[in-house]
Amino acid sequence: MFIQKRRSKMWGILFALFCLCSGVLTCTAKGSDSIENLYANAAVLMDADSGRVLYGKNADEVLPMASTTKIMTCILVLEMMEEGEAAEVSAYAQSMPKVRLGVRKGETYLVSDLLYSLMLESHNDSAVVLAEHFGTKLLGSTEESCGEHSREESKKAVAAFAEKMNEKAAELGLTKTYFITPNGLDASEEVETGSGTVIREHATTARELAQIMIYCMKESPKKDDFVKITKTKSYSFTANKRRISCMNHNSLMNMMEGVGSGKTGFTNKAGYCYVGTLERDGKSFVVALLACGWPGHKSWKWTDSKKLLQYGLDHYQYHSFATDSFSFDVAKLPDIPVVGARTMAGDRVAACKVSVDFENAQGIEGLLLNEGEEVRMEYSLQKVLRAPVEEGTVVGKLLYMVDDVVYRQNDLVAEQFVPALDLPWCIRVTLQYFLLLGME
């Protein structure tokens, strides 16, 4: 009986230890699912409407971006191409490594077909065919056949297109992004600067990659065409006696509702990369991942992307600047002194009332905010005005800010007309004064 009790007690202790360990393991597993525990070396979750980073990990670290490069190649081609335009294949384009469409020197393809090859299957040779074709045009050689290019001529044309990619990056205010290839293959080159020669890598940052995607999907004049191509699940075309089928490799579209444009990438140096978008419940996000694992961990980019996007959906709510919660108390605005104005009752200086022009705001309509985040409103006014002051004259600014970044701006305007002091008015007032004295 005593032995049986000891055994029961022992099993009870073992069971308790098992439960405790299970609890620890459960807590550890739950903790590993935290937003802080991402596989990617660099990552960003960005509000696509404001460009605000909602979560970042090494957001500004410069890293190679592999085939996510092709979103810039695609949008530039869309902005430069003409309807029905075709591109010819050079020997250099044919020599590109996998993944490739399998083009052959002298073949001709519709640019519109090659864009699906570029974005759905990520064909490296298609990227070079497009870059060489449009690079040749940029060099002014509109009548030249790319099929007859020497290797050096092909490289020169592709370099011209890469220069256009860098010009676009500069237009977007990107300072850490540098393009050398149109397909994202690892590359470096010597660049002359004011301080000498430096080695530049084909690279970007998670923040700037997300910004490029925002331009492609929301700001470019060809944004609708870009979204159409990148959201297409399959596309087939016939060229050079071949029937070619392209399948979209943005698997996140099948994993989360609302996923739209996206582009994967991989090179030995870059690892797995991804940039993609999600629009749902009035919210618009961009996620960008760099160096998110190497072979054997191909699915990590999907795990990280889902984690980031779900974090955005769960924690951020849209707030309009026009709602009561952000209404500005106009009573806080002081009157502005106006010198040289008509005054009565012996006042030396007139005062101009100020109001907010809510009709002509600059900036965005609202912002995604996490619980506890606040919009700070600050105003600035001119210290003094000189008459005459027209009604509606801009006399200051009202700023809506989060983390010291301005997202919206309203003009502060003169509420009424303030006339200037002049001789006819002085004579009239003087006469009225003496008339009043005479009546007394």
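Strand E9 contributes the largest share of the lining of the largest pocket in this predicted model, supplying 6 residues. In total, 25 residues line this pocket, and its volume is about 540 Å³. Besides strand E9 (259-267), helix H4 (111-121) and helix H9 (300-315) each provide at least two lining residues. Val99, Ser122, Thr264, Gly265 and Phe266 are the lining residues that lie nearest the centre of the largest pocket. Classified by residue type, the lining comprises 12 polar, 7 nonpolar and 6 charged residues.

The second largest pocket has a volume of about 310 Å³ and a lining of 19 residues. Helix H6, which spans residues 151-171, accounts for the largest share of this lining, with 8 residues. Nearest the centre of the second largest pocket lie Lys155, Val158, Ala159, Ile180 and Thr181. The composition of its lining is 12 nonpolar, 3 polar and 4 charged residues.

An open sheet of 3 strands was also identified, with the order E14-E13-E18 and mixed pairing. Strands E14 (350-352) and E18 (385-386) stand at the edges of the sheet; each has a single partner strand, so one side of each is left without a neighbour in the sheet. Strand E13, formed by residues 336-339, runs parallel to E18 and is joined to it by 2 bridges. Within this arrangement, Val338 is positioned opposite Leu385 of E18. In general, strands of a sheet pair through backbone hydrogen bonds, in either a parallel or an antiparallel manner.

Notes. Residues numbered from 1 in each chain as written. Predicted model: local features only at pLDDT ≥ 70, side-chain atom pairs only at ≥ 80, totals over all residues. Heavy atoms only, no water. 1 Å grid on protein atoms, 1.4 Å probe; cavity = no way out; pocket = protein on both sides within 12 Å on 5 of 7 lines; lining within 4 Å. Points joined across faces, edges and corners; volume = space filled by probe spheres on them. Helix = DSSP H or I, 4+ residues; strand = E, 2+ residues; numbered from the N terminus. Nonpolar A, V, L, I, M, F, W, Y, C, P; charged D, E, K, R; others polar. Pairing = 2+ DSSP bridges.
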